[in-house]
Every structure is written in C-alpha cells, then in structure tokens.
Amino acid sequence: MDPSGIPASTYYRWRREVHEPCTRRRHDAELTEHIRRIHADSDETYGSPRIHAVLRREGTHVAANGSSA
C-alpha cells in the first residue's frame, strides 16, 4: 500500500477503467445516447414505456428496468 492507503492494484484498475471503459460501460453509454435521441425526437414527450417500445421495435433488447438483456 502507498501512503494514501489505497492499494496499487486498486489505483491501476481505476486508471485503466477511466481511460479504457469496459465493453458494458461503452454499450451503456451508447444506449443512453440513443435513448436521449428518441426522447428528443419525440419533443420530449415519450416516457420510459414508449421509449422501451421504440427500442424493442428497432430490435434493441433492453429490460424494462434499464439493464441490458
């Protein structure tokens, strides 16, 4: 452990994740941006049920609670 009390492995894992997000984080970021576009295209009237329906129609498989399926 270094003087800050954080194990070196924790620091390097954090540093790697900041610069190289894992596949799931990249996918989640892309999905979030897509959801924001759908919401904006609906003049910000679509809520989660309609957005979920649009995603399903487009073939994007997402659980209703937001986790990837």
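The stops below go from the whole chain to single residues.

**Stop 1: the whole chain**

Show the chain as a cartoon, and keep in mind that this is a predicted model. The chain has three helices and zero strands. Followed along the sequence, these give the pattern α-α-α. Of the 69 residues in the chain, 12% are buried.

**Stop 2: the aromatic residues of H1**

Select residues 8-19, which make up helix H1. Ring pairs join Tyr 11, Tyr 12 and Trp 14 into a cluster.

How is such a pair described? For a pair of aromatic rings, one gives the distance of the centres and the angle of the planes.

How many aromatic pairs are there? The count is two. One of them is Tyr 11 with Tyr 12, an edge-to-face pair with 5.0 Å from centre to centre and 70° between the planes. The pair is called edge-to-face because its angle of 70° falls in the class for planes over 60 degrees apart. Tyr 11 also pairs with Trp 14, and here the rings are tilted, with centres 6.1 Å apart and planes at 40°. Tyr 11 and Trp 14 are about one helical turn apart, because they stand three residues apart in helix H1.

Next, colour these residues by accessibility. Tyr 11 is partly exposed at a relative accessible area of 36%, and Tyr 12 is partly exposed as well, at 47%. Trp 14 has 52% relative accessibility and therefore counts as exposed, since the class begins over 50%.

Together with Tyr 11, Tyr 12 and Trp 14, they form a nonpolar patch on the surface, with about 530 Å² of accessible area.

**Stop 3: the nonpolar core**

Clear the selection and pick Leu 31, Ile 38, Ile 51, Val 54, Leu 55 and Val 62. These six residues are the largest nonpolar core. Which elements give two or more residues to this core? They are helix H2 (23-41) and helix H3 (48-57). H3 gives the most, with three residues. As background, nonpolar side chains in soluble globular proteins tend to be buried together.

Now centre the view on Ile 38, one of the core residues. With its neighbours within four places in sequence left aside, Ile 38 is in contact with Tyr 46, Ile 51, Val 54, Leu 55 and Glu 58. Show these side chains one after another and look for each contact with Ile 38.

**Stop 4: the salt bridge in H2**

Select Arg 24 and Asp 28. How many salt bridges does a search of the whole structure find? It finds one. Asp 28 forms a salt bridge with Arg 24, and their closest N and O atoms are 3.7 Å apart. Both residues belong to helix H2, where they are four residues apart, or about one turn of the helix. Asp 28 counts as partly exposed at 27% relative accessibility, whereas Arg 24 counts as exposed at 52%.

**Stop 5: the loop between H2 and H3**

Finally, select Asp 43 and Glu 44. Asp 43 lies in the loop between H2 and H3, and Glu 44 has its place in that loop too. Check their backbone angles. Most residues other than glycine have a negative phi. Asp 43 is not a glycine, yet its phi is positive, at about 60°. Glu 44 is not a glycine either, and its phi is also positive, at about 60°.

Are these residues buried or exposed? Asp 43 counts as exposed, with 66% relative accessibility. Glu 44 is exposed too, with a relative accessible area of 58%.

Technical notes
Residues are numbered from 1 along each chain as its sequence is written. This is a predicted model: local features need pLDDT of at least 70, side-chain atom pairs count only at pLDDT 80 or more; totals for chains, interfaces and linings use all residues. Side-chain values use heavy atoms; hydrogens and water are left out. Rings of Phe, Tyr and Trp (its six-membered ring) pair if their centres lie within 6.5 Å; planes under 30 degrees apart count as stacked, over 60 as edge-to-face and the rest as tilted. Buried means under 20% relative accessible area, exposed over 50%, partly exposed in between (1.4 Å probe, protein chains only). A nonpolar core is a set of buried Ala, Val, Leu, Ile, Met, Phe, Trp, Tyr and Cys residues joined through side-chain atoms within 4.5 Å. Contact means heavy atoms within 4.5 Å. Patches are made of residues with over 30% relative accessible area and no salt bridge: like charges are joined within 9 Å, nonpolar side chains (Val, Leu, Ile, Met, Phe, Trp, Tyr) within 5 Å. Accessible areas come from the Shrake-Rupley method with a 1.4 Å probe; for residues, only the protein chains shown count as cover. A salt bridge is a side-chain nitrogen of Lys or Arg within 4 Å of a carboxyl oxygen of Asp or Glu.
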